[in-house]
Amino acid sequence: MKKFILQRLIVSIPVLVGVTFLLFWLLNVVPGDPVALMMKEHISVDVVERVRQQMHLDDPAWVRYLRFLWGAVRGDLGESYKLKRPVADLILNAFPNTFLLAVAAALFAWIVGIPAGIVSAVRKYSLSDHFFMGFSLMGVSMPVFWSALLFQYLFAVKLGWLPVAGFNSWKCLVMPAVVLGWSSAGIVARLTRSSLLEVMRCDYIRTARAKGLLGVAVILRHGLKNAMLPVVTVMAIQVASLLAGAVITESVFNIPGVGRIAVGAIQARDMPLLQGAVLFETVLVIFGNLAADTLYAWLDPRIKFD
Amino acid sequence: MRKNWQLLCLTALCALLVLACGAWAGEKVLTVAYNEEPQTADGQMTTSCYMIPLNVYDRLLECATVGPGKSELVPGLAESWEISDDGKIYTFHIRKGVKFHSGEELTGKDVVYTFDRMLDPATKALNTDILDFVDGAAERMEGKADSTRGLELVDPYTVRITLKEPFVPFLSILASPQASILSEAFTRPLGDKYGLSPETTCGTGPFVLTEWVLNDHHTLAAFDDYWRGRSKLDRFVVKVVTDTETMRMLFESGEIDIFDCDFAISQIPYFLGHKAWKDQIVSGPRVGIYYFTFNQQIKPFDDVRVRKAFQMAVDRKKLLEKLYYDQGQLENGVMPAGLIHYNPGQTVIPYDPARAKALLAEAGYPDGVDLEIALIASASSQWQKMSEVVQAMVAPVGFRVTLVQMDEAAWYATRKEGKLPMYCQKWSADFNDPDNFFYTFFGSKGTVARSFNNISDEVFAALDRGRSELDFAKRGKLYADLEKTIVIDQAAWLPLFSLKHLYVTQPRVKTFVVPWNGWSDFSAYEMEVE
């Protein structure tokens with residue numbers, strides 16, 4: 001297992017370099033000047049030229065890229081052009097908010113999605129099955145910005161139960177977590193349902209029933225345990241992508257997380273900040289996938305770490 | 001024992017909750033929303049987001065709002081000043097007893113340091129152009145001098161600034177937030193880390209920056225030792241809200257006290273028609289102008305007849321009525337109402353589609369002509385709407401307009417090169433002087449950097465004269481003539497209108513002063529809440 005993890009980590013190094021190179025190249029081919037953007041309507045050509053020189057923006061692209069890589073290797077992601085602060089500090093300060101949101105959304109997705117999937121599978125084609133599958137379909141299909149606005153209008157403006165936006169109390173977490181987790185809950189519910197239905201047709205389930213086990217025990221102990229294999233894999237990947245920043249949710253609910261930092265960096269052509277954010281998010285996704293693969297092999301002993 | 005621990009933890013938690021909920025109870029707190037994260041609290045390092053500089057610092061002079069859309073230069077940190085007869089030497093007498101938030105007293109040394117720091121290349125300041133006229137500024141910026149020749153400390157409370165040539169708007173410029181005064185003792189050791197957090201920010205202004213959560217909010221607390229007297233507010237909280245719908249809902253749920261309609265123009269009819277909010281609207285004229293540009297480097301606008309035809313093809317009155325709910329007045333020049341030397345008698349640009357069509361034919365386009373309007377994708381929808389309406393409005397005359405969407409970075413980069421096609425924008429006064437409008441758009445560098453390309457030696461020479469003309473009446477006449485040359489004779493831009501600035505306030509807001517220039521950034525010093 002250790003060898004497997006080590007191999008995967010080594011393979012991820014070229015992935016990281018490739019991602020940063022691709023991003024650097026893309027941002028260099030599209031037009032845009034971070035200093036002109038900083039000054040916007042108050043542009044002064046003389047000032048732009050002078051500040052560009054002072055920020056080494058006129059150096060050749062490959063020099064700037066190698067400078068970034070050399071810094072990254074030493075743990076220094078540089079300083080944001082726009083916010084003038086160290087990139088690592090900006091990301092690490094924002095990450096706890098994104099982490100909290102991702103964990104809350106994932107918990108919502110699992111707590112709602114798994115039972116919904118079980119009920120739908122056990123009572124196939126019943127009213128509750130249709131209800132839960134409709135619920136999951138809505139979650140998967142409805143864009144986050146739309147469900148967010150509906151939730152804000154209903155629960156904050158009309159009913160006054162929750163704050164519209166912000167991130168300074170547990171109440172602020174409820175709506176974004178539900179909105180963000182709804183789509184994941186839908187996927188988890190559907191996957192749990194189909195996987196459980198497949199497992200429940202297996203011989204060992206019939207055997208368990210034949211030896212007189214209660215229905216609930218058959219489902220939870222024998223059925224669900226085996227049916228969760230694909231669900232766990234998806235859940236691990238979901239957590240990784242949630243951690244990588246829920247851009248729209250963070251924007252609509254005004255959550256100062258990594259996603260908002262990344263969007264701000266793109267808009268401002270803030271190369272160091274964007275490179276740092278993408279590098280960070282790539283690492284999260286790589287680790288998420290690695291965790292999923294490791295979990296998969298750990299849960300199913302038939303799968304080997306090759 | 002275990003139970004005791006649980007009890008202790010529970011009590012501590014309850015106490016924390018009570019403290020958290022009651023910390024601001026009974027305090028007078030004004031909460032507003034702003035649509036952008038300030039880059040820094042250092043006024044020298046930003047060209048937008050002046051909310052922090054306007055509240056945390058003071059300037060030598062202040063541009064006070066003395067009536068709707070009216071301003072007056074009043075003494076600030078300089079108690080008085082003298083200007084030499086040749087208009088080149090400014091002597092400022094610094095107010096005594098003014099304290100910085102750090103507790104030390106302001107002296108002339110801080111003033112000299114502030115302006116010299118701005119010109120120091122190590123600072124990488126973005127606002128150096130406001131000090132371009134100071135003697136020795138160029139050498140300092142180029143790193144050829146260790147100090148600025150024109151900045152002198154005469155005695156601890158007297159500062160002399162010498163200009164290389166007369167520059168009439170200089171006093172007005174010193175009242176702009178870029179010219180906020182810093183503490184040398186506090187700022188110098190911090191280097192480029194100054195202004196990035198509450199701990200690294202210090203001014204003499206009415207509020208102290210006490211909390212700053214990036215992308216969330218910043219909190220300013222009243223400064224007890226403020227030289228003009230403590231603010232009536234205890235705290236002033238600015239939330240950073242990028243989504244306009246969220247901003248509106250925050251206002252409607254009472255989480256913010258003031259809704260700035262500039263952040264969401266389309267919400268104006270909603271508030272005007274809402275029975276609970278329509279009486280809560282506070283508005284005031286702004287010294288600012290909406291305009292369309294003509295890029296004379298791009299056909300067909302290289303021909304003055306085409307530019308004049310476009311001016312006459314746009315029904316500006318209808319634009320004002322339909323898109324901005326008639327909340328403003330038409331403008332025909334470069335200077336909007338409220339600006340010093342504003343000329344209400346400026347020749348009116350008529351709406352005359354028939355004449356526009358004839359002019360277009362005369363210019364060699366009898367079958368019409370293609371042109372582009374450049375828009376920033378995902379920016380405020382007002383530009384999109386305005387461009388779409390104008391596109392339809394000018395079509396019968398023969399202008400076949402294509403709307404080109406660009407991302408913000410590309411838009412500004414292309415404009416800086418002088419290659420952006422026609423676009424629509426607005427400009428509000430940074431300081432109350434015609435130079436802030438004329439030189440910005442029609443100066444030799446500005447006209448290229450803003451993609452007008454109105455290369456006119458006559459205009460450039462007149463602009464230079466305007467900067468140094470000391471006689472008030474002569475200067476007014478000069479700008480009135482120049483306005484006619486630029487707008488009527490050269491048809492270098494299409495002025496549209498100046499709009500009122502509308503805010504909706506919660507009933508608990510007792511005093512809210514609409515800033516004279518129409519900025520969304522304002523000083524909260526005179527604001528009051530119940």
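Okay, quick definition before anything else: when I say two residues are in contact, I mean their C-beta atoms, placed from the backbone, lie within 7 Å. And keep in mind that this is a predicted model.

With that in hand, let's go to chain B, to H16(B) and H17(B). On the H16(B) side we have Glu458(B), Val459(B), Ala462(B), Arg465(B) and Gly466(B), and they meet Arg475(B), Leu478(B), Tyr479(B), Leu482(B), Thr485(B) and Ile486(B) of H17(B). By type, that contact splits into six nonpolar, two polar and three charged residues.

How are the two helices arranged? H16 covers residues 457–468 and H17 covers 472–489, and they pack at about 160 degrees with axes 10 Å apart. Anything over 145 counts as roughly antiparallel, so that's what H16(B) is to H17(B). Their crossing is left-handed.

Now over to chain A, for another helix pair. Here H10, residues 215–243, packs against H13, residues 271–299, at about 165 degrees, and the axes are 8 Å apart. So these two are roughly antiparallel as well, but the crossing of H10(A) and H13(A) is right-handed. H10(A) brings residues including Leu229(A), Val232(A) and Ile237(A), while H13(A) brings, among them, Phe287(A), Leu295(A) and Tyr296(A). The contact of H10(A) with H13(A) has 15 nonpolar residues, four polar and no charged.

Last stop, where the chains meet. Chain A puts in 43 residues and chain B 36. Among the chain A helices supplying at least two residues each are H5 (87–122), H7 (144–158) and H12 (258–267).

Note on methods: Residues numbered from 1 in each chain as written. Chains lettered and ligands numbered in written order. Predicted model: local features only at pLDDT ≥ 70, side-chain atom pairs only at ≥ 80, totals over all residues. Helix = DSSP H or I, 4+ residues; strand = E, 2+ residues; numbered from the N terminus. Axes fitted to C-alpha atoms, helices over the stretch in contact; angles between N-to-C directions. Parallel < 35°, antiparallel > 145°, perpendicular 65-115°, else oblique. Left-handed = near helix turned anticlockwise from the far one by under 90°. Nonpolar A, V, L, I, M, F, W, Y, C, P; charged D, E, K, R; others polar.
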